[in-house]
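Please consult the sequence and the model while reading the points below.

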Amino acid sequence: MRLFFSKQNTIYTLKMKYNFSEIEQKWKQYWKDQNTYAVSNDIDKPKHYVLDMFPYPSGAGLHVGHPLGYIASDIYSRFKRMQGYNVLHPMGFDAFGLPAEQYALDTGQHPAVTTEKNIARYKEQLDNIGFSYDWSREVQTCDPKYYKWTQWIFTQLFHSWYNTATGKAAPIAALIAIFEAEGNAQYPAPKGTVQFTAAEWASYDETTQRNVLMQYRLAYLDHAEVWWCEALATVLANDEVVNGVSERGGHPVEKRKMRQWFLRITSYADNLLHSLDKLEWSEAMKEMQRNWIGKSEGAQITFGIDNSDAQIEVFTTRPDTIFGVDFMVLAPEHELVLSITTEEQKAAVETYIAYVKSRSERERMAEKKISGCFTGAYAIHPLSKKLIPVWISEYVLAGYGTGAIMAVPSGDERDFAFAQHFNIEITNIFGTHFTGEKAYTDKNVTIENSEFVSGMSIADATQAVLKSVEESNSGRRTTNFRLRDAGFSRQRYWGEPFPIVYKNNIPYTIDEPALDLKEADRSLPVLLPHVDTYKPGPNGEGPLANIDSFVNVTNNKGEVLRRETNTMPGYAGSSWYFLRYMDPNNEHLFVQPELAQYWNQVDLYVGGTEHAVGHLLYSRFWTKALHDLGFITFDEPFRKLLNQGMIQGSSRFVYRIAGTNQFVSSGLKNEYTTNALHVDVSMVDGTELDMEAFKNWRAEYADATFILEDGKYICGSEVEKMSKSKYNVVNPDEIVSQYGADTFRLYEMFLGPIEMSKPWDTKGIEGVHRFLKKLWRLFFDEQTEQWLVTDEDATKDELKALHKTIKKVSDDIEKFSFNTTVSQFMIVTNELHDLKCHKKAVLEPLVCLLAPFAPHLAEELWHKLGNEYSIAHASFPVYDEQYLIESSKLYPVAINGKHRTNMEFAMEAAQDDIEKEVLANEVVQKWMEGKPHKKIIFVKGRMINVIV
RNA sequence: GCGGAUGUGGUGAAAUUGGUAGACACGCUAGACUUAGGAUCUAGUGCCGCGAGGCUUGGGGGUUCGAGUCCCUCCAUCCGCACCA
């Protein structure tokens, strides 16, 4: 049996050993007592705002992947603070959401209770890692003091419209004034078709007027499809629907239209697109937003229907191909489908629609199998007057464009595949370019076989067709966006209630005089009521519909009115939280203007790419709307964005021989038929399984037997997402207690570039831990328990090592290249050990450099060096070029591009002299094999290459 | 399907942006010190080869005196896709 010696024994016998747990506890307490990280609104100081995407506090707690970005932003914050900036670096919680509600459904525990518990746990875990947050500025989106202002912003959006003439949101009162003066001829509704004069407007009753205004509001009611599960009598989120059935219970689901709130983000599509240019985000991230917004220029063209008054509007980016139209395709949900379908096709169309109802949008887009159904109807070509069959197919989506396309199989791949599959004859409009084998999609071509545009380029043909359809009133130029208005309703409990009450089925915000609500019901926040059950309400409504005392409001006239029972989605609270940190306790304003002006944009925003198009787009939209309405002075929330990668789990597998309780080691598994099973990574050292631990893991493995290789059971491994179900989760608390927070912080940074995904490997942490111990030994002799630091003057070599490090560290932090910074710390520590340097003149600046990375250890050494204030307020060292100048360079010398030897030359040596010396060199002569040199390439300070 | 990214030793990675590929670590091998080692120190460690030397940055091709880096092409893996947040 092996003997294990406890760490504690050694720690207490050697006092001067690096005792991270003692050090870290001491300074955490000190920072707390001294309020070291409290941020004042000192508006005379230069500011820097460093923000993390706040977490959703899940029941599972943090795993080692979560803090990666937090560590990076903390390093940057501490760095900026030491450079003299007033740094706002807050943290909070995105605390409304589906998981807490699901947990409540399963266990009956109130989401408020579990959320509070989870937040407490998160804070404890975060504090463990030594972050420099100002917790007095914490926000929680589920706190009524916070969501009061989320509701307030919603109210502003409800009472606003987007004025296309000014390109800005404006109060709805201004729109009403316009309607009263001139009707809406100059201000058509974004998606509506109503037109009226001032006189007509005046003649409308309140209901009609409100309905018209609804078509303009930035927050508005409309109808949209949601996943409906009859068995659960509820609406489901996309990820609650798996393989076409509900995740819970596996019940069938279908899409159903419901009245929902929306935010008119599409009004800002162009603005959101163009102002990307002024942001310091990665091109990849901007590209994702551009694609999401999906601007495309084209035309909307109207096709009549034979024997019908109905008209089909299509959107196309290729009006030039209009004479190549061989069929039309409507989205199966298109409103005209049932009315134009002929009797003979009715049954087939209905069957097809039923099939599509069970399909998610993503399935439809990814589907390679072609499907569709002929409606029996024929459209009339607006120019050639030819009759064109009208089909429906899932590849046309109702939400994009007009939900209908003109199909040009010779020029579009999907149309081509569709035509082939259904044997639709293809018109060739590209002459010899189109072979009949596949669609011709190249844009550099002459259009043929197309009446008056034959022989034209695509550009010319596009203009000619547009002119023609505009003249015949059958089409117009339009810009289409892929971006859709944001669905803002959830039929759920755990979210912000809407500050909306209905009167005569018309929504009003609670403060509107028309409702005449009692004082108590007229002010924000509308509190989320306590419930006893989280079951859905009737008719697909959320749980709030079950609570009569919430739903019914009696106004001053004694009328019983009805509250909105939907709640807001998860992104409501997260769309503006960065503003609240600036002034978190203000009871009168969502943020005081002077503070918003001072703290301004977030200078560095750190978070994962998974938010590329959701959260980041919505926050930009809210910021722009708040800016237009005059509440803040900037129209982009996040100036610079840093995306951290994911830390993946490294899973371990054992291989059970099929039908037995015998497990075979990884290397021998191919000799048997086996099933791979995840095992908990904590039972595996590297890849070697602790067989005893495994037997004790679960009763079913108690009498497991093993087939070993070299006396060991070796596990298989695979990199996967870190998750409980894969038993590969590593908890930061464990790492911190074993190695300390400073080691943990350094190791996460050392793992690789911050924006890259990488697997977690606990084994590698020894390296950085060793480095900290080695650094410690520059200050202390562990054997003699002596403080080694002296006041001697530093040598040239020592200063060079120091200043090289100052330069590298400062440059790398600005580039967010933290992994190379840690390497540099290791390099300089190795160098100082070799130089036996224990001089304060070198070590003190070094401690300051290290402070953002390993704040506890740095604080300890800083105080041991005789400083009385926190290192958080020390100055970051600045390098001096004079210590870095090199007088000579060891050049690599290559012959014909192959590196053969190295030769040292003075930096100032003349090229002629260098060439002479190189040619005279023995090694060089050997490789030149007596041949004359053609030329010599000399790059000063870099290399020498001799060509023969 | 669309969009975004990534491929370099046994492993995580570095490379001054076109100039000595593999810094810094992990792991491994050998040794020193030690009552002990999961402390510390020393040496070695991309691959092939006894050696001289050759090969090597996912595969193939190209530009260049010189390519991990630029261009073309193919392959593989990961992430997102609108009600998870």
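**Nonpolar cores**

In the largest nonpolar core, which has 181 residues, Trp-261, Phe-488, Tyr-577, Phe-590 and Phe-779 touch the most other members. A nonpolar core is a set of buried Ala, Val, Leu, Ile, Met, Phe, Trp, Tyr and Cys residues joined through side-chain atoms within 4.5 Å; buried means under 20% relative accessible area, with a 1.4 Å probe and protein chains only. This is a predicted model, in which local features need pLDDT of at least 70, side-chain atom pairs count only at pLDDT 80 or more, and totals for chains, interfaces and linings use all residues. Residues are numbered from 1 along each chain as its sequence is written, chains are lettered from A and ligands numbered from 1 in the order in which they are written, and side-chain values use heavy atoms, leaving out hydrogens and water.

- Neighbours within four places in sequence aside, Phe-779 is in contact (heavy atoms within 4.5 Å) with Gln-786, Trp-787, Leu-788, Val-789, Leu-843, Val-847, Leu-861 and Leu-865.
- Another core, of 55 residues, lies apart from the largest one and includes Ala-310, Leu-383, Ala-407 and Phe-416.

**Ser-132**

- Ser-132 counts as buried because its relative accessibility is 1%.
- The side chain of Ser-132 makes a polar contact with that of Asp-74 at 2.7 Å, and another with that of Arg-81 at 3.2 Å.
- A polar contact is a pair of N or O atoms within 3.5 Å; within protein, one must be able to donate a hydrogen and the other to accept it, and residues adjacent in sequence count only if both atoms are side-chain atoms.
- Beyond its neighbours within four places in sequence, Ser-132 is in contact with Tyr-37, Asp-74, Ser-77, Arg-78, Arg-81 and His-89.

Notes. Buried < 20%, exposed > 50% of the residue type's maximum accessible area, 1.4 Å probe, protein only.
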